[in-house]
Amino acid sequence: MTRRVAAVDCGTNSLRLLVADVDDNGGGMTDVARRMEIVRLGQGVDRTGRLAPEALARTTSVLRDYADIIAGSEARAVRMVATSATRDASNTADFTRQVKEILGVAPEVLTGREEAALSFTGATAELVGTHDGPFLVVDIGGGSTEFVLGEAGEPATHALSVDIGCVRMTERHLHGDPPSRAEVVAATADIDAALDAVTGAVPVRQAQTLVGLAGSVTTVAGIAMGLPAYDPARIHHARISAADVHEVTRRLLAQTRAARAAIAVMHPGRVDVIGGGSLILDRVMQRFGFSEVLVSEHDILDGIAWSLAVVARR
């Protein structure tokens, strides 16, 4: 028996929707609709500690469109989660109230550990028996990055969320067009300090496969592959070498905003933050000695959908 569900993920940079038919017995999941819009809810949160009025307006506008899609799909269950920006903001209650008015359900503001667990499920559900574990899943978001270690199809054994993300690194450090060497050095030091914490909490060197999630990773993959346009089907489960990630990162950090905007696979909403996101991925691979990353288009959004199927089986 399949169950139609709707999952909404509100991150620091993007707002995403997945409507899917999920086999209640764990047999698989089929997309009905998958949408992504850059709303930059986390604009300025690192500096002000509050969600900006214009960011709230952008987010609720897109959410109204998503509510129409969900209603038309006749989804039987809806779950919305909100991550790093809403964890950090002092006016999250305003956001929660607006979401409930539009969507009919309140957003769940996840802890970093909860976010990591859903990301791990979404990324590894289809890897059982096809790739070598343990897996280190790295989900590079706008405000935070989650590191999760475990075997596919099993609960993760270790998880940590750290406050480095493509938006946060850009707002803190990467101000130039292109960023100056001093700015890149400062961002690198910030990332490396966070990776020190990861080393102390997650035995990353046990991992046999590095799985990279979210828009920074998929965009770097598309650039490395030389795609003429963004193609999720080709990007999903592509393997990108550490050398290629490093070269793409070097080029992105040396380019002007206009040059990045002209890249074929670049979403307009990622132009100003892709340097920070790619730098995080590059540092993870260099620091922990991964020769390649397995890129996944499936992530926390898919994990949310799977969680609705689990609830239905109870």
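Mentor: Begin with the pairing of β7 and strand β8, residues 158-162, keeping in mind that this is a predicted model. The two strands are joined by five bridges. Phe147 is placed opposite Leu160 in β8. The sense of the pairing is antiparallel.

Trainee: How many bridges join β6 to β7?

Mentor: β6 and β7 are linked by a hairpin of four residues. Leu136 has Leu149 of β7 opposite to it. The two strands run antiparallel, and the number of bridges between them is six.

Trainee: Which strands are the edges of the open five-stranded sheet?

Mentor: The order of this sheet is β3-β2-β1-β4-β5, and its pairing is mixed. An edge strand here pairs on one side only, and the two that do so are β3 and β5.

Trainee: In what sense do β4 and β5 pair?

Mentor: Strand β4 covers residues 77-82, and two bridges connect it with β5. Ala82 is found opposite Val109 in β5. The sense of the pairing is parallel.

Trainee: What angle does helix α2 make with β2?

Mentor: Helix α2, residues 53-73, packs on the sheet and touches β1, β2, β3 and β4. Helix α4, residues 92-103, lies across β1, β4 and β5, at about 160° to β4. For α2 and β2, the angle between directions is about 15°.

Trainee: Which element gives the most to the lining of the largest pocket?

Mentor: The pocket has a volume of about 700 Å³, and 37 residues line it. At least two lining residues come from each of β2, β3, β6, α8 and α13. With four residues, the element that gives the most is α8.

Trainee: How many of the lining residues of the largest pocket are charged?

Mentor: Nearest the centre of the pocket lie Arg16, Met36, Gly215, Arg270 and Asp299. Over the whole lining, nine residues are nonpolar and 18 are polar. The number of charged residues is ten.

Technical notes. Residues are numbered from 1 along each chain as its sequence is written. This is a predicted model: local features need pLDDT of at least 70, side-chain atom pairs count only at pLDDT 80 or more; totals for chains, interfaces and linings use all residues. Side-chain values use heavy atoms; hydrogens and water are left out. On a 1 Å grid over the protein atoms alone, a cavity is a set of points where a 1.4 Å probe fits but cannot get out, and a pocket is an open set with protein on both sides within 12 Å along at least five of seven lines; lining residues have an atom within 4 Å of a point. Grid points are joined across faces, edges and corners, and a volume is the space filled by probe spheres set on the points. Ala, Val, Leu, Ile, Met, Phe, Trp, Tyr, Cys and Pro count as nonpolar, Asp, Glu, Lys and Arg as charged, and the others, Gly among them, as polar. Two strands pair if DSSP finds at least two bridges between them. Contact means heavy atoms within 4.5 Å. Axes are lines fitted to C-alpha atoms, for helices over the stretch in contact, and angles run from 0 to 180 degrees between N-to-C directions.
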